Amino acid sequence: MNNVENSGSVTWKAPSNIAIVKYWGKHGTQLPNNPSLSLTLNEAFTSTSIDYEIKNQPGLELDFYFEGVENVEFRNRIFKYLEIITPHLPWLKFAKLTVRSTNSFPHSSGIASSASAMAALSMCLVDIAELVGQEIKDKTRLQSYLARLGSGSACRSIFPHAAIWGQCKGIPHSSDDYAIGFENLHPVFKTYRNDILIVSSEKKSVSSSIGHDLMNNNNYATARYENARQNAEKLYQIMSQGDLQEFIQIAESEALQLHALMMCSSPSFILLEPNSIAIIKKIRAFREESYVPICFTIDAGPNIHVLYPQEYAVVCQEFINHELKAFCEQERVIKDYVGEGPKKLI
Ligand code: DP6
């Protein structure tokens, strides 16, 4: 073990991602019940730095600061996570860690932070693993694997542009254990913009872990998993070829399916607001009359993610400003776009 550094510091920033084929339903330790496919974002990210020291005595020690303030609730959650991943990073047993984390987006923005947070943390941990002399065969795979153990969708945030997570016959090398990058992605998708229309920034009424759980008793679960599998395979082809009309069809169907599943769960949840529906209708009408390939996707909340290629940015932003902003809370729109994935800062 040459050049082992028993203390030091690493910093990474990692972005959030937006699923086009949705992960909704899981088993075991964050294993997905269907494959999912996402675009990696750029502007919504978490920056995390870890100061580490390897002690002679066993006993993991952890301090956690969020936005510069010590946060015991987050610290305890991360501590549990570190215990879970210790079999993969045995040196953690002897580690003293100080973790500092900040988000580029406000807490009230309706953007889930678990994907970027767990991706940034796992990027840091895998770097430290190398620095303390752990031998790692496939670094990217381990980064994605560890991120998954923190939050399922986080495993997709490790890759530039787009990622696929979940074993799928038609997608070579896909796996339930970790995500893979989208190798043959058509260049148009690297230019995609994602404007998030904030219909409401209130805390959502169903957390994703409760949402995943609800799928266990949902009568439509089997049909959903089969359809998601087909959609992932189709979308993989579509996004290799650059067929925007087919992309739109699957993206919108997936978004509405996610909400349909929540509506027919027991208990049932309606997360869309009247303004969410108004925006959806406006987007569809505008697309029909203009032939602009604009569409939407939605996460487990009321906010609408508007997707379109950069080439149409001027006309789409004009449409959003004039027709959609009025349906947003304080006219709030968060602008994001497809990005290059995590970046090492120090
Ligand atoms: C609707 O990854 O947040 O955003 O694995 O329990 O942490 P956990 O869930 P999480 O679920 C994401 C759900 C989703 C769809 C998606 O991102 O695929």
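# Exercises on helix packing and burial

D127 is buried (under 20% relative accessible area, with a 1.4 Å probe and protein chains only), as its relative accessible area is 4%. The model is predicted: local features need pLDDT of at least 70 and side-chain atom pairs pLDDT 80 or more, while totals for chains, interfaces and linings use all residues. Residues are numbered from 1 along each chain as its sequence is written, and side-chain values use heavy atoms, without hydrogens and water.

**Exercise 1.** Find the element that holds D127 and the residues in contact with D127, leaving aside neighbours within four places in sequence.

*Solution.* 
- Step 1: D127 lies in helix α2. Helices are DSSP runs (H or I, at least four residues), strands likewise (E, at least two), numbered from the N terminus.
- Step 2: Contact means heavy atoms within 4.5 Å. With those neighbours set aside, D127 touches V10, W12, K139 and K344.

**Exercise 2.** Describe how α1 and α2 pack.

*Solution.* 
- Step 1: The axes of α1 (residues 72–85) and α2 (residues 114–131) are 13 Å apart, at an angle of about 50 degrees. Axes are lines fitted to C-alpha atoms over the stretch in contact, and angles run from 0 to 180 degrees between N-to-C directions.
- Step 2: The two helices are therefore oblique to each other. Under 35 degrees counts as roughly parallel, over 145 as roughly antiparallel, 65 to 115 as roughly perpendicular, and the rest as oblique.
- Step 3: From α1, I78, Y81, L82 and I85 meet M118, L121, S122 and L125 of α2.
- Step 4: These divide into seven nonpolar, one polar and no charged. Ala, Val, Leu, Ile, Met, Phe, Trp, Tyr, Cys and Pro count as nonpolar, Asp, Glu, Lys and Arg as charged, and the others, Gly among them, as polar.

**Exercise 3.** Which residues of α8 are buried, and what covers them?

*Solution.* 
- Step 1: In α8 (residues 313–324), A313, C316, F319, I320 and L324 are buried.
- Step 2: These residues fall within an arc of 130 degrees seen down the axis, so they line one face of the helix. The arc is taken from the directions from the helix axis to the C-beta atoms.
- Step 3: Their cover includes β10 (192–197), α7 (274–290), β12 (304–309) and β13 (333–337).

Terms used
Buried < 20%, exposed > 50% of the residue type's maximum accessible area, 1.4 Å probe, protein only.
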